[in-house]
Amino acid sequence: MKKHQFLNLKNANAPYIDEIEEAVSRVLHSGRYLLGDETAQLEAAIAQLCHTQHCVAVSNGLDALRLIIMAYKELGLMRDGDEIIVPANTYIASVLAISQCALVPRLVDADATTLNLDTSLIEEAINARTRAIMPVHLYGTPCCDATLLELARSYDLLLIEDNAQAIGARSAVAGLWGSFSTGGLGHAAATSFYPTKNLGAMGDAGAVTTNDKALADAVRALANYGADSRYHNIYQGVNCRIDEIQAAILRVKLRHLDDETTRRQAVAQAYSQHISNPAVTTPASFEGMRQVWHQYPIMVSARDEFREYLKMNGVETDIHYAVPPHLQPCYTGIEHGALPVTERIANHEVSLPIGAPITANDAATISQIINGFIY
């Protein structure tokens with residue numbers, strides 16, 4: 001029986017290992033390990049991909065989100081106690097970034113079809129302390145529509161994208177600056193290059209993208225101890241810099257991102273085409289949108305039995321995410337209303353293998369196994 005691993009990072013990196021080794025060797029022999037040419041060239045490439053004027057590469061995706069909020073506070077656009085609207089169905093990092101910057105996360109339920117922020121519920125969550133909306137492009141599906149954009153404009157709210165799972169994705173509608181690319185739809189965006197991401201480093205890394213030079217300059221300074229030049233600290237900053245080795249590795253893998261996206265799209269299409277078990281709800285595809293399928297999330301009521309059945313048949317699965325942020329022990333006192341869709345997703349979601357080395361043929365085989373599940 002063939003085993004279908006959920007994700008094998010060694011296999012994922014194997015096609016590029018010679019290029020990666022050459023890139024790492026280049027850095028080792030350069031004598032420059034921070035804030036060098038590798039970082040500068042990566043920033044230029046990510047800015048081009050996201051169709052933004054500026055990119056600041058940083059230590060990880062959570063720090064990218066935190067640095068955006070910290071920068072807005074330094075620029076006088078946010079202050080302690082302000083609120084940011086954020087989807088309840090997200091990885092906890094989205095919410096941590098807000099609360100760790102002394103702001104208040106205002107949780108809004110998910111849409112049952114997109115699994116992203118339900119934009120029809122945003123307006124009722126806006127109040128006098130609301131300063132921003134943080135759409136999360138969860139699972140690689142862009143979260144951007146006319147309602148979201150109109151609310152940001154009409155209420156003069158900042159739009160901060162959590163682009164951790166959607167590098168290379170494109171929305172069906174143009175964002176605030178005319179771009180369709182995630183990472184360039186709002187006022188600022190945070191991207192993660194965690195090793196499991198579609199564009200993954202071999203360690204932690206992230207980036208901030210924006211068309212706002214003042215914000216980019218503030219983020220760059222804050223990430224480097226608050227310094228705008230050597231020994232001149234204009235902010236009480238932090239140390240959140242990317243290192244040159246990770247930047248060099250990401251430059252290699254960025255050259256192959258389109259191929260990786262095409263493979264994931266083919267796997268997702270095979271699942272959607274071949275899964276016919278009525279006990280399973282497959283994710284929606286959206287016309288005019290480029291989904292990059294960081295995960296392929298299905299919904300199954302009998303989740304534990306389903307996962308055990310797949311395991312016995314050689315198929316590894318995962319859950320994203322079994323416990324939503326508002327039910328985590330660290331957020332026991334967080335204020336929120338009813339979040340029925342988020343909690344239903346948390347109880348029913350199963351992520352099928354879509355990372356390397358899964359192919360469309362593998363997905364067709366896994367689909368036939370899924371169709372044999374009876375509960």
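Select helix H4, residues 61–74, and helix H5, residues 92–99: their axes come within 9 Å and cross at roughly 30 degrees. Keep in mind that this is a predicted model. Two packed helices are described by the angle between their axes and by the distance between the axes. Now turn the view to see the handedness. H4 passes H5 in a right-handed crossing.

Next, show the side chains at this contact. On H4, pick Leu62, Leu65, Arg66 and Ile69. On H5, pick Ala93, Ser94, Leu96, Ala97 and Ile98. Colour them by class. The contact of H4 with H5 then shows 7 nonpolar residues, 1 polar and 1 charged. Arg66 is the charged one, from H4. Ser94 is the polar one, from H5.

Zoom out and select the whole chain. Switch to cartoon. The secondary structure comes to 12 helices and 12 strands. How compact is the chain? Its radius of gyration is 21 Å, close to the 21 Å that the globule rule gives for 375 residues, so the chain is as compact as a globular protein of that length. Along its principal axes, the trace spans about 65 × 55 × 40 Å.

Now colour by burial. Of the 375 residues in the chain, 56% are buried. Residues 24 or more positions apart account for 72% of them.

Finish with the surface. The accessible surface of the chain comes to about 16000 Å². Carbon and sulfur atoms hold 51% of that area.

Key. Residues are numbered from 1 along each chain as its sequence is written. This is a predicted model: local features need pLDDT of at least 70, side-chain atom pairs count only at pLDDT 80 or more; totals for chains, interfaces and linings use all residues. Side-chain values use heavy atoms; hydrogens and water are left out. Axes are lines fitted to C-alpha atoms, for helices over the stretch in contact, and angles run from 0 to 180 degrees between N-to-C directions. Helices (H or I, at least four residues) and strands (E, at least two) are DSSP runs, numbered from the N terminus. A crossing is left-handed if the near helix is turned anticlockwise from the far one by less than a right angle, and right-handed if clockwise. Contact means heavy atoms within 4.5 Å. The radius of gyration is taken over C-alpha atoms; the globule rule is 2.2 Å times the number of residues to the power 0.38. Buried means under 20% relative accessible area, exposed over 50%, partly exposed in between (1.4 Å probe, protein chains only). Accessible areas come from the Shrake-Rupley method with a 1.4 Å probe; for residues, only the protein chains shown count as cover.
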